[in-house]
Amino acid sequence: METYGLEKIGIINPCAVYRNLNPAQLTEHALRRGEGTLSKTGALVVKTGKYTGRSAKDKFIVDTPAVHDEIAWGDVNMPIEKEKYDAILAKAKAYLQGREIFIFDGFAGADPKYKQNFRIITELASQNMFIHQLLRRPTADDLKNFTPDYTIIAVPGFKCIPEIDGSRSEAIILVNYEEHMVLICGSQYAGEIKKSVFSVMNYVLPKMGVFPMHCSANIGKDGDSAVFFGLSGTGKTTLSADPNRALIGDDEHGWADDSVFNFEGGCYAKCINLTEEGEPEIYHAIKFGALVENVVMDPETREFDFFDDSLAVNSRVGYPVDYIPNAELSGMSTSVPKTVVFLTADAYGVMPPISKLNREQAMYYFVSGFTSKVAGTEIGIEEPVPTFSTCFGAPFLPLDPSVYAGMLAEKVEHSGANVYLVNTGWNGIHDENGKQKRMSLKYTRAMVTAALNGDIEKGEFFTDKTFGVQVPKAIAGVPSEILDPVNTWENKDEYRKRCEMLAKSFRDNFKKYTHMSAEVAAAGPKAD
C-alpha cells in the first residue's frame, strides 16, 4: 500500500491512504463513512457537532527557542510547552493507526514566487474535500515531486483529556512554527484547517517581503486592483463583489512588490439568512462539490432552511472560486493595489461615510480594526459596543502588530495607493419608528466606485474635527449633506457626546500597541 511518506512523520499502520482524490471520489467516501448527506442541489451536508466555529481559546503556539522572540505572546498567541505538544502529537498519531487517512497536497499563494506547499492529512473525507476546494489545487506534474513546506493534521475524532493532556478542553489546535507542523484535535469545524493555513502564511510571508492581509480583493478592466479590509458585517464580501470588476478572492491575500494574490482557490461563506435575491453568487455555489456545514435541511425534500439557526448561527459553505461568476481564476493581479479600503460599521453614527487617510492614519485605523455591535443584535446590548480586532485579523497574527502595520505603510508608499475609511454603518438620520437608519448600500457603492475610479480625488475635502480624516465635500450620486455626519443629527449635543465616547474607545484600545510610534498613536481621534 502506498503511504506517500506518512511514516516519515510517524504515522504508521493505516488501513488505507487516499491522496488527492477528486470531489466525486471524496463525496462517495464521505457518504460511505456516514459523514454527511447530499442536498437537493448535490452539495455534501455535514454537522460538525459541538464545535460550529473556531475555538480560539484552544489554540496554542509551541514555544521553542527558535521562535520565542518572534511571537507576540498574549491572549491570542498563547504558548504551550514542547513536551506537551510532543505528547499530544504522539497520541494523535497512535489514534490514526488502523484508520483510513486522506491526504491533500496543494498550495497556498497564487503567485508562484511566494506559494507555500501544504500537506493536509485528515481523518474525514469531508474535511479533505473542503480543503481540496479551498486551497490551490496542484497538477499531476506538481504532485510527482511534491515536498510540503508545512503539514497540517486534522483528527476531530481524537479528544484531549484536559487533566492529562494539559489542554483547556477536548479540542486543541497546536501550531509548531519550528517543526512546520499544525495539529488540530477534537474539532470537526473545517474553518480550523483554513485558518491554520492563514496563520502560517502570516508568519512566513513577512520574511519574504510580502504583506499578508485578511481582506478581499478585486481587479478592474484596466488591470487596477483594490483590497477591502473589514470585520464581519461591514460589507467586505458585498462591496468587493462588483459587476464591473473581477473578484481575485474574498478573504486572504498577499501584497508583494509586483502583485497582489489570493492565498486560496476557494471561498468559505456564511449561510445564515442566505437568499437568492440577496447573495445570488453564494446561493448558486451550493451545488455538487460544495461542503455545507450546520445548515438545517429537510430530510425528505433535501431543501435548506437558511433562516433556521438551531444547528449554528455560523453555518457555512465551502466551494471553489470558479463557482463564482466574474472571478479572476488566476487568483492574482500583476498590478499592485491602487486603492485600499478599510470598512467599518459605526453604530454610534458619527464617523464619516467615506474619508481619506494619510500614512499615519492608515496605520492607526488598520491596527485598530474597528467596527461596532449594534443595540438589539445581542441580548443585553442597549448601546453601541465598539469592537476592535488588530489589523482586521487578530486571531491569526503571530507577529507584533507593528510588523504588519509597517508593511502596510511600505506597500502603500511604494504603490502610491490611496487609503479610504468607509463607514457602512449608521448616522443621525432616523426612520419613522425613531431608529437610526443604516447607510444606504446604493450610496456606499457610489462612494466606493468614486474611490476606485479616482473621481473622489477630483473634488475638495475638509477635515473632520474629531477623527482628523479628510472628508469629500461632494460625490456624484450621494446627497452632500450625509458626507458630514453632523448634518444628519438634529441633536448636536448628542452627536458631540457620541463622538467623544467613540474617540475615547479608540484611544483606550490603542494603549496596548506599545511598539507603535508616537506619530501613529497621535493620528487617532482627538478629544473634544
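**Close-up views of a predicted model**

View 1. Gly477 counts as exposed because its relative accessibility is 55%, and the cut-off for exposed is over 50%. This is a predicted model. Where does Gly477 sit? Its place is in the loop between β30 (470-472) and α12 (492-510). Phe198 gives a distance to compare with the sequence. Gly477 and Phe198 are 279 residues apart in sequence. In space, their C-alpha atoms are 38 Å apart.

**View 2. Ser55, a buried loop residue.** Ser55 also belongs to a loop, the one between β3 (44-46) and β4 (59-63). Is Ser55 buried or exposed? Ser55 has 10% relative accessibility, so Ser55 counts as buried. The cut-off for buried is under 20%. Which residues does Ser55 touch, leaving aside its neighbours within four places in sequence? Ser55 is in contact with Arg168, Ile173 and Glu192.

**View 3. Helices α9 and α10, packed together.** Two packed helices are described by the angle between their axes and the distance between the axes. Helix α9 covers residues 359-368, and helix α10 covers residues 401-415. They pack at an angle of about 140°. Their axes are 10 Å apart. The angle makes α9 oblique to α10, because angles over 145 degrees are needed to count as roughly antiparallel. The crossing of α9 and α10 is right-handed. Which residues make the contact? From α9 come Arg359, Ala362, Met363, Phe366 and Val367. From α10 come Pro401, Tyr404, Ala405, Gly406, Leu408, Ala409 and Glu413. By class, the contact of α9 with α10 has nine nonpolar residues, one polar residue and two charged residues.

View 4. How many disulfides does the model have? The count comes to zero. A disulfide needs a pair of cysteine sulfur atoms within 2.5 Å. Take Cys185 to begin with. The nearest cysteine sulfur to Cys185 is that of Cys160, 5.0 Å away. Cys185 is therefore in no disulfide. Cys185 counts as buried, with 0% relative accessibility. Now take Cys391. The nearest cysteine sulfur to Cys391 is that of Cys215, 12 Å away. Cys391 is in no disulfide either. Cys391 has a relative accessible area of 4%, so Cys391 is buried.

Methods
Residues numbered from 1 in each chain as written. Predicted model: local features only at pLDDT ≥ 70, side-chain atom pairs only at ≥ 80, totals over all residues. Heavy atoms only, no water. Axes fitted to C-alpha atoms, helices over the stretch in contact; angles between N-to-C directions. Helix = DSSP H or I, 4+ residues; strand = E, 2+ residues; numbered from the N terminus. Parallel < 35°, antiparallel > 145°, perpendicular 65-115°, else oblique. Left-handed = near helix turned anticlockwise from the far one by under 90°. Contact = heavy atoms within 4.5 Å. Nonpolar A, V, L, I, M, F, W, Y, C, P; charged D, E, K, R; others polar. Buried < 20%, exposed > 50% of the residue type's maximum accessible area, 1.4 Å probe, protein only.
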